[in-house]
Amino acid sequence: MKPEQILLVSQQGWFRFAAGEVREIAPWPELTGAAVVVVDFADSQVGIQSTKGKPEYAAALIEKVVRAEGAVEGAMQVFVHKQVRHTDSCQTLYTAVALDDWQRHQDWAQRQPDHCMVVPLVALLATGIGKDEPLRLVRAGQQIHAYGESDNKMHYATAAAIGSDATDFLAPVRTVMAQLRASGWRSAAGVRWGAVQTDDAGAEQTLLARLAELGGLEARLMPHESFRAEGGKAASVLPGLLAGMPVRGFVASGLQRLAWLSEGYVMPLAAMVAVVALGLGGFAFFAGQSAVQELQAVQALRSEMEPLRARLAAASAAGGTEVESADLAFARQLGFAATHDPVRMLTTV
């Protein structure tokens, strides 16, 4: 199901992408229509953690690690975005968020009259990426997130820029690439660059060229969708990333995911029902025409039989007073004899 609107929630504010236009909106709005809310949680902990045991217990183990590090204070909610299983352990890409912050977003989403699905921004990084595929770098405001896979392992790195000019992001890009290489990331598939929201395509091309210089790899820009903005145009990689995201990537209950998924089949089912209805209507029409033709044929036969019946009745009435012919007498006697069994009569005799 394609959402009618995409909301971006970040430290820069709330932004609404809909009907080819992007504009800043007031926080916690009342939405009309289905929406996907991409949240770049502030003061959250994002990373990759290796844990022992079953993958189902990874969230609880990660919570203990994050709590021990003190990255998130108080009660927290750990979102598991992707897991890579090994023989006796697994790697987990996660986001740890303060529980109060998460509950506020969840309560607001549940109050909306239509479908409202929440997804952390980091979950989009791993959408559709497999091993030995291009590294994905996404710029969100002043933050750069990088994710890639190699040798059956996941790699994540992040860095922040001090300013907002293109030259201010050169140092964070260099830092991110160094972190990835230090974690063991190796790939010859190249790099893909995207911006959550940008109004300067030239700055993105500058960063893209810098990526190619730093990594010695092929660097390309991910598909961006253009939007009208105040004072000009803007572009975003969010529609393309969300298009390839499975339903299980949304942070929602199983019933909410099923309802979201079923909405995508409403139009195809309606079209199929319409086709079946048209087929049944056509069959009923032609069947009715055939029935009318058969009825007319029966009525024509009845009209032809009436004179024959009259002639037969007249012949029967006239034949009662005449002498019976020899052929008719023989046929009548033969018919009378046919009612008796000659073998049975001989046996009796």
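Is W102 buried or exposed? In this predicted model, local features need pLDDT of at least 70 and side-chain atom pairs count only at pLDDT 80 or more, whereas totals for chains, interfaces and linings use all residues. Residues are numbered from 1 along each chain as its sequence is written, and side-chain values use heavy atoms, with hydrogens and water left out.

W102 has a relative accessible area of 8% and is buried (buried, under 20% relative accessible area; exposed, over 50%; partly exposed in between; 1.4 Å probe, protein chains only). F79, at 6% relative accessibility, is also buried. The ring centres of F79 and W102 lie 4.8 Å apart with the planes at 75°, so the pair is edge-to-face (rings of Phe, Tyr and Trp, the last by its six-membered ring, pair if their centres lie within 6.5 Å; planes under 30 degrees apart are stacked, over 60 edge-to-face and the rest tilted). This pair links distant parts of the chain, with F79 in strand β6 and W102 in helix α2 (residues 99–110), 23 residues apart (helices, H or I, of at least four residues and strands, E, of at least two are DSSP runs, numbered from the N terminus).

The structure holds six aromatic pairs, and W14, W28 and W108 form one aromatic cluster. The charged end of R139 sits over the ring of F169, 4.9 Å from its centre (NZ of Lys or CZ of Arg within 6 Å of the ring centre and within 35 degrees of the ring normal).
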